[in-house]
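Thanks for making time this morning.

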Amino acid sequence: MSESNDVLTELASLPTFHHPTVSPDGTEVALYYDGPGRNELHVLDVETGELERVSDGEVPRNARWWIRWGVDGDRLYFHLDDDGNEQNDVHAIDRDGAAEAVVELEGQTILSDADETALLVASSAGGQMNLYRHDLETDETVKVTDYERAVWGGSLSPDGERIAYVTNETDDYENLDAYVADADGSNPRRLEIGETGAEVVVADWHPDGDRLLVTDNSEDLGRAGSYDLAADEVTWFGDLEYEEQAVQWLPDGDRFLAQRTRRAAVVPVVYDVETGESREFDLPEGVSTIAEHGEAVLADGRVLITHTTPDRRPELLAYDLEREADQASNRRAGSTATRESDEVEVLLAAEYGDLDPDRFVDAEYFRFESNGVAGTEAAVELEPATDLEIEALLYDSGERPSPLLVKPHGGPRAADQRSFSLYTQFLLSQGYSVLEVNYRGSTGRGRSFVRELYDDWGGAEQADIARGLEHVLETHDWIDEDRVVVFGGSYGGYSAYWQLVQYPDYYDAGIAWIGLTDLVEMFETTMPHFRTELMEKNLGTPEENPDLYEERSPITHAENLDAPLLMVHGVTDSRVPVSQARLFRDRLEELGSEGGENGDFEYVELGEEGHASSDIDQKIRLFRVLDDFLERRLGTEPLET
């Protein structure tokens with residue numbers, strides 16, 4: 001095996017955990033963990049540190065979707081689909097490993113919440129994504145909402161008598177409102193939160209059931225609030241200096257958890273409801289996240305955190321928040337014992353195998369100016385857009401001169417953050433420096449920054465990526481301008497296609513993974529809630545904006561391709577169907593381009609795989625495809641370690 005494949009296999013095989021959530025009694029944590037070589041459900045005993053494997057092949061290979069505990073702690077609910085096609089059903093498994101299907105509906109079904117009597121699921125079984133209630137005793141599933149726009153975030157009240165969710169019934173397509181209804185969906189009531197056109201997210205019910213923890217971006221940056229259901233009033237928290245997202249009430253009901261984003265990093269925050277004061281968790285700068293689809297508070301009051309940095313793999317931590325409140329309680333009880341605050345215990349350490357952790361590369365954070373027009377000739381000429389400061393991360397491989405790989409993120413409503421990326425670190429090990437650009441439309445910078453992308457896919461945001469490349473080339477003379485590659489997946493795959501046909505002079509090769517090429521075809525073939533909440537929300541419909549759909553489709557400009565292109569797509573992808581890659585391949589052939597290892601493009605379909613995968617074997621397969629292409633096309637070799 002070559003040194004490159006050695007590194008590739010070892011990196012992809014490092015054990016990884018996903019979706020940790022605290023048990024009802026707070027003494028255990030359920031999570032996906034692939035230490036056995038395959039993704040399996042495990043339960044971690046917080047006190048002893050023992051990690052017990054529960055499943056044996058019953059759960060999906062790809063750990064995309066979260067897990068939830070049953071209220072008695074005897075079973076775990078999970079999502080199961082067919083080879084990554086995301087047409088999920090909800091299954092359950094008990095502590096002895098006995099598994100069964102619980103909710104089976106057509107389309108995509110996602111578990112939203114559970115109590116003693118019922119499961120609340122979101123499903124596209126009726127066409128659009130709506131909420132369904134599954135009775136655990138009768139095994140009956142009943143549709144409880146019926147909206148034209150997708151319904152998100154279904155949540156059961158503590159007494160099980162009501163549900164909260166968000167959807168949009170206004171004429172403003174960007175709007176999201178919060179609703180509360182009876183458990184059967186009757187008597188829905190839209191809550192008066194924020195302004196029309198802003199987005200509200202319901203995070204959690206208060207333990208008393210009289211308030212909701214919400215997030216709203218009416219003031220541009222996201223902020224957390226406590227909505228009093230009786231008074232129809234909301235109390236807002238924070239100073240709007242940074243984007244914040246509400247997560248969960250603490251059990252005392254007097255405090256809540258939120259997450260704050262700044263400079264491409266995420267830090268948890270605890271708010272005191274009475275004083276309005278907040279304090280950040282004391283952790284190294286990186287991405288520290290609280291479980292958002294389950295419970296995050298342990299029996300002793302500590303908070304479950306996943307922490308990672310660009311050069312350190314994720315670890316599972318128990319963070320002790322208690323300070324004056326805990327010590328005051330001890331004094332009242334006559335105890336002189338105190339507990340140190342902000343202590344951190346590692347519950348599940350990151351594993352590195354035989355790899356030296358110091359081999360991994362940290363990121364350089366920087367900003368640059370962009371007016372949405374690149375400094376080179378483009379296939380689609382653009383007018384200047386809003387002048388913005390764009391955030392970016394640069395990873396230096398240490399190679400001199402260094403080839404550069406531009407890696408646009410997916411979403412597009414997402415962002416590259418200061419967290420460990422397996423793909424980035426593998427590319428660095430092959431000698432590539434890596435540039436990640438949080439173009440306009442990315443999250444973490446507020447509502448107006450997101451809206452810059454509306455009605456402009458393939459426009460100013462793609463120029464932001466090109467301007468980031470220009471900035472790095474101008475300021476870092478050790479970059480090899482003759483070895484610049486673009487690689488991205490999903491919307492990043494769309495960006496890879498688009499960069500190659502819009503700015504062909506800038507790139508010497510490109511890799512488009514599960515990317516969009518024909519926007520009209522994408523609108524017609526993607527899942528219903530992606531059609532309305534992604535395509536229509538960002539671009540309108542093809543009937544409304546036919547010229548935009550045609551102009552901003554990479555397939556329209558395929559003749560501009562002037563560098564070797566690798567197309568990779570999973571055949572069971574329901575988000576971005578494989579037809580997107582097939583259509584682009586067929587168009588290149590119509591134009592006279594030749595496929596194959598020595599041709600103008602290369603084409604690979606991945607069987608038994610949908611929209612990416614966390615499975616070890618599937619990650620290794622993808623890495624080998626990428627590595628082989630880059631080595632042949634650009635002649636790069638792995639760095640000495």
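Let me start with helix α8, whose buried residues pack against β13 (152–156), α7 (519–525) and α9 (546–551). Please keep in mind throughout that this is a predicted model. The helix, residues 528–539, is mostly covered, with 10 of its 12 residues buried, and those buried positions include Phe530, Leu534, Met535 and Leu539 as well as Glu533, Glu536 and Lys537. Directly after α8 comes Gly540, which has a positive phi, near 75°.

Next, the helix pair. In general, two packed helices are described by the angle between their axes together with the distance between the axes. For helix α5 (residues 460–475) and helix α6 (residues 491–502), the axes come within 11 Å and cross at roughly 75°, and that makes α5 roughly perpendicular to α6, because angles of 65 to 115 degrees count as such. On the α5 side the contact is made by Glu461, Gln462, Ile465 and Ala466, which meet Tyr491, Tyr494, Ser495, Trp498 and Gln499 in α6. The residues of this contact divide into five nonpolar, three polar and one charged.

Is Arg418 buried or exposed? Arg418 has a relative accessible area of 10%, and it counts as buried because the cut-off is under 20%. Leaving aside residues up to four places away in sequence, Arg418 touches a set of residues that includes Arg263, Glu285, Thr308, Pro310, Tyr365 and Leu393. With Glu285 there is a polar contact of 2.7 Å between the side chains, while Leu393, 25 residues apart from Arg418 along the chain, has its C-alpha atom 8.2 Å from that of Arg418.

Finally, the cores. The largest nonpolar core has 60 residues, and those with the most contacts inside it are Val406, Leu435, Trp457, Tyr507, Met535, Leu565 and Phe584. The largest share of this core, seven residues, comes from α6. Apart from it lies another core, of 43 residues, with Val7, Leu355, Val434 and Phe623 among them. To return to Phe584, its contacts, not counting residues up to four places away in sequence, are Tyr497, Val501, Thr517, Pro554, Ile555, Ala558, Leu565 and Met567.

Notes:
Residues are numbered from 1 along each chain as its sequence is written. This is a predicted model: local features need pLDDT of at least 70, side-chain atom pairs count only at pLDDT 80 or more; totals for chains, interfaces and linings use all residues. Side-chain values use heavy atoms; hydrogens and water are left out. Buried means under 20% relative accessible area, exposed over 50%, partly exposed in between (1.4 Å probe, protein chains only). Helices (H or I, at least four residues) and strands (E, at least two) are DSSP runs, numbered from the N terminus. Contact means heavy atoms within 4.5 Å. Axes are lines fitted to C-alpha atoms, for helices over the stretch in contact, and angles run from 0 to 180 degrees between N-to-C directions. Angles under 35 degrees count as roughly parallel, over 145 as roughly antiparallel, 65 to 115 as roughly perpendicular and the rest as oblique. Ala, Val, Leu, Ile, Met, Phe, Trp, Tyr, Cys and Pro count as nonpolar, Asp, Glu, Lys and Arg as charged, and the others, Gly among them, as polar. A polar contact is a pair of N or O atoms within 3.5 Å; within protein, one must be able to donate a hydrogen and the other to accept it, and residues adjacent in sequence count only if both atoms are side-chain atoms. A nonpolar core is a set of buried Ala, Val, Leu, Ile, Met, Phe, Trp, Tyr and Cys residues joined through side-chain atoms within 4.5 Å.
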